[in-house]
Amino acid sequence: MYDPLRAKVKVVFYSAIAFLFGLAITSGLGWTSKSYAMPLIEETAQISPEAVQPALDLSQAFTNLADAVTPAVVRIEARRPVTAANQEVPDAFRRFFDAPEGQNQPPSQGQIAGGSGFVVSADGYILTNNHVVEGADEIKVYFPDRRYFDAEIIGTDPFTDVALIKVNAGESLPALAFGNSDNVKVGEWILAIGNPGFGNSAALDFTVTAGIISARGRPLQLLQNELRSDPRFGDQASRWAIEDFLQTDAVINPGNSGGPMVSLNGQVVGINSAIASTTGAYQGYGFAIPINLARRVMEDLVEYGYVKRPRIGVEIITATAEDAEVYGLPSVSGILVQAVDPEGPASGSLEPEDVIVALDGKSVGYVAELQAQIAQRRPGDRVSLTVYRDGGPIDVSIQLDEAPINSSPASVSERTIHSEERLGINVEEIDQELAAELRFPEAGGVVLTQVTRGSPAQRRGVGQYVGNKLIRVNAADIATPEDVRDALDVVEGGEIVSLHFENRDGTGRVVNVRMPN
């Protein structure tokens, strides 16, 4: 007779026997003993938190600062019209872009460049470098929360490398506070923040680097050299460049241009601008535009659309040790007047061989420092200069006037941008010559000849299909370049375009790209 209770007892008994037997086997194999093949990992702190508390406090300060500042740091993508001949073009297509001598140049294509910027007011004003947006006919601004907006240029100033743009976000934006760059000291900790990520890639978005102020008042002559080589300006205009950079050992690379340099209390003290390098990459020297100068430029750009540059009306050089000895200076510091403009503000007040040593009671030691301090004033302001003349100091009062160099900023071009250009593609009809070059069995149809760097198409990988036929755009069959334009013209910004390609073997591929606004 079947006894359920006895059956359960047997099951428990035999299960216990099996468990003990298995444990004995695993013990014999060494499975239950400590493995000496695996290193012992020590997780106990080697140094007490108290012993490194100052460093931990600084680290926490950096973290807090980065959290507070990065929401207002943006990525800027600026589209500039450039000739396609200046871009990388496969050899098979170069005949479309290299015009013979004496013939018209090829049609312009959009090239995307970029940098960083930061919001300075809740209503959407953004400071950046002039070289980030100069010449752009379309600007997009990307925020940390992945939103992006079209921006307009309010004004640019190539003489300080400062530009102001604006977005209309329809809501209040996080903005950064300004500090006083005149009070920044050598050795002071700063953070350099930028947004060098490009396109849809977030690989380098919102980088934060730390360093100290290494030096003040660096006259690099970068702006002077660029202005001198620009046919719009030349030698005469280049002398109006204001270069009084803050130097830092915080890592600054090209994509960080236009981002903020902030003090440990979260205030902007500079705009990341340049590096000194023999390779184009960071080698230990970074430079920023002092925020006091940038703020003065920004105020004029908002009010007038350009900068009203004040001037004294003199030609000057930085005094040397020999000058200090000749003119009886108390130290090797000051600015030697070489010539005075007879029509300028200083006429009758300053003389050649005067040495300027102070402005409104504050010492000035070199040309760039004086230029930067004057640039923070306005035309019509009266300043007091302390100069050494005949071996002793005297004070002279000068009313500044406006330098004759100002002009309206470059405005966004109104030229028509066709839909295929917005998407970032260029196509050509396949004639007999091109069919032979690309080894297509016959002429006819349309081939993708180029993808613009930084464009929506390039970011979606369309460049790998250069040399393939474009056979369909969305539901429209393609036989001519006009078919491509017609198919894309009906696509609204934000909608997705399906590009269907076919290689010479007949293999098809499709890439979905979002049309930019």
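A residue is termed buried under 20% relative accessible area, exposed over 50%, and partly exposed in between (1.4 Å probe, protein chains only). The model is predicted, and local features need pLDDT of at least 70, side-chain atom pairs count only at pLDDT 80 or more, and totals for chains, interfaces and linings use all residues. Residues are numbered from 1 along each chain as its sequence is written, and side-chain values use heavy atoms, with hydrogens and water left out.

At 51% relative accessibility, Ile 47 therefore counts as exposed. Together with Val 52 and Leu 56, Ile 47 makes a nonpolar surface patch of about 240 Å²; such patches consist of residues with over 30% relative accessible area and no salt bridge, nonpolar side chains (Val, Leu, Ile, Met, Phe, Trp, Tyr) being joined within 5 Å and like charges within 9 Å.

Salt bridges (a side-chain nitrogen of Lys or Arg within 4 Å of a carboxyl oxygen of Asp or Glu) number 18 in the structure. In one of them, Lys 362 pairs with Asp 182, the closest N and O atoms being 3.9 Å apart. Lys 362 is partly exposed at 38% relative accessibility, and Asp 182 is likewise partly exposed, at 24%.

Arg 378 and Glu 299 form a further salt bridge of 3.6 Å, N to O. Both residues belong to a network of salt bridges that also links Arg 295, Arg 296 and Asp 300.

A salt bridge also joins Glu 420 to Arg 485, with the closest N and O atoms 2.4 Å apart. Glu 420 counts as buried because its relative accessibility is 14%, whereas Arg 485 is partly exposed at 30%.

Conventions. Accessible areas come from the Shrake-Rupley method with a 1.4 Å probe; for residues, only the protein chains shown count as cover.
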